[in-house]
Amino acid sequence: MGEKKLRVLVVGLGNMGMSHALAYTRIPGFEVVGVCERRIAERKLPEALQGASKFNNFEKALAGLKPDVVSINTLPDTHAQFAIEAMEAGAHVFVEKPLADNAENAVKVVETAKRTGRKLVIGYILRHHPSWIRFIEIAQQLGTPLVFRMNLNQQSNGQTWEWHKRLLNSFPPIVDCGVHYVDVMCQMTKGRPIRVHAIGARLSDEVSQQNYGMLQVIFDDGSVGWYEAGWGPMMSETAFFVKDVIGPKGSVSIVMAETAGDVKSDDINAHTKTSQILWHHADMKTPDTRIDMSDEPSHDDLCEREQRYLLKAIRENVDLTDHMNDGVKSLKIVLAADRSIHEGQVVMLD
């Protein structure tokens, strides 16, 4: 007899939500028993999800199903509330990034996980990507201080621009996407982030807040970094994907497709794609190392890895304290950047 399947309720069936919902159906330890979305009546669900109960209200779904796991893939302003309610009801939680709409609520979510003994996994997809894991490992060998140069600009239009406009009701791009790359910076340096400065611009009358931003973060070991993100039909696809780290001993870069125009910046698969890692040695006698990453996992494969990690955390009682604290830390940094834009000044971190 195998272990009993964990019953999953998936809330939110957008890009990420659908990828996660289908990932559960491919993992023997999970069973999707319910899906919840406001417009569920209008949705045509894939064959693999046809057997799931359908709800348009989260509280009713939670009370009616009493799931073992709740997967939260809604807009960011509901993440904290849904995560807390799910854990209080006895469910383990997967929540897409960012963890919450503000730092105070993020701390409350983590405190709830600790008090209830429920597992909380945050959707930091790059932590499960072999190329990014290697990228971080090499950066840790470059000495101190480190210089981080990262961006993800997306020339979105049509459906992807509509999706970005919905996201902009909650957060600007440097917050929504920035948590990933600030989290990567924090893994590369042992330094503590101490201050943030940011600038931004609103480039469209269709949105109420800035759809472009750039943050700078300074660490107490002398490491410094910038992250830039913009969404919309006006964005340039020149140098939209820069992932570059420099240290005293050399540099490491994620290199995208060699020819311009091969990759569209609003293609969700491109956001995790690498092609190869280029490791440059400051000792110029040592030739540059090129590490081929052409067989790396797809976006859907990475979503499945995240959910397998959740299953392992539940089954093997993995201590997720550092994982949760890191989620709060990266969110605090990008929220400080947003505050810096609005206040027009440097923001000191705790």
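Among the contacts in this chain that join residues at least 6 apart in sequence, 71% link residues that are at least 24 apart. The model is a predicted one, and its chain contains ten helices and 15 strands. A compact globule of 350 residues would have a radius of gyration near 20 Å, and the chain, at 20 Å, agrees with that expectation.

**The chain as a whole**

- Of the 350 residues in the chain, 55% are buried, where buried stands for a relative accessible area under 20%.

**The six-stranded sheet**

- Six strands, taken in the order β3-β2-β1-β4-β5-β6, make up an open sheet in which the pairing is parallel.
- The edges of this sheet are formed by β3 (53-55) and β6 (120-122), each of which pairs on one side only, and from one strand to the next the twist averages 20°.
- In general, the strands of a sheet pair through backbone hydrogen bonds, and they can do so in either a parallel or an antiparallel way.
- Strands β1 and β4 run parallel and are joined by four bridges; within this pairing, V11 has I72 in β4 as its bridge partner.
- Strands β4 and β5 also run parallel, with four bridges between them, and here V70 has V93 in β5 as its bridge partner.
- Strand β5, which covers residues 92-95, pairs with β6 in the parallel sense over three bridges, and V95 is found opposite I122 in β6.
- The side chains of β4 are divided between two directions, with V69 and S71 pointing one way and V70 and I72 the other way, yet all of these residues are buried.

**Helices against the sheet and against each other**

- Helix α2 (residues 58-65) packs on the sheet, where it touches β1 (6-11), β2 (30-36), β3 and β4 (69-72), and its direction makes an angle of about 170° with that of β1.
- Helix α1 (residues 15-25) is largely enclosed by the rest of the structure, because eight of its eleven residues are buried.
- The buried residues of α1 are M16, G17, M18, S19, H20, A21, A23 and Y24, and what covers them includes the strands β1, β2, β4 and β5 together with helix α9.
- Helix α3 (residues 79-88) packs with helix α4 (residues 103-116) at an angle of about 10°, and their axes are 9 Å apart.
- Since angles under 35 degrees count as roughly parallel, α3 and α4 are therefore described as roughly parallel to each other.
- On the α3 side of this contact are A80, A83, I84, M87 and E88, which meet N105, K108, V109, T112, A113, R115 and T116 on the α4 side.
- Sorted by class, the contact of α3 with α4 is made up of six nonpolar, three polar and three charged residues.
- As background to such lists, an α-helix has 3.6 residues a turn, so residues three or four places apart point the same way.

**Details of the backbone**

- The peptide bond that joins K97 and P98 is cis, with an omega of about -10°, and P98 belongs to the loop between β5 and α4.
- A cis peptide bond also leads from T144 to P145, with omega near 0°, and P145 is located in the loop between α5 (130-139) and β7 (147-151).
- K66 is not a glycine, although it has a positive phi of about 45°, and its place is in the loop between α2 and β4.
- With a relative accessible area of 63%, K66 is exposed, a label that applies to values over 50%.
- N317 is likewise a residue other than glycine with a positive phi, here near 50°, and it lies in the loop between α9 (299-315) and α10 (321-343).
- N317 is exposed, as its relative accessible area is 59%.

Key:
Residues numbered from 1 in each chain as written. Predicted model: local features only at pLDDT ≥ 70, side-chain atom pairs only at ≥ 80, totals over all residues. Heavy atoms only, no water. Pairing = 2+ DSSP bridges. Axes fitted to C-alpha atoms, helices over the stretch in contact; angles between N-to-C directions. Contact = heavy atoms within 4.5 Å. Parallel < 35°, antiparallel > 145°, perpendicular 65-115°, else oblique. Nonpolar A, V, L, I, M, F, W, Y, C, P; charged D, E, K, R; others polar. Rg over C-alpha atoms; globule rule 2.2 N^0.38 Å. Buried < 20%, exposed > 50% of the residue type's maximum accessible area, 1.4 Å probe, protein only.
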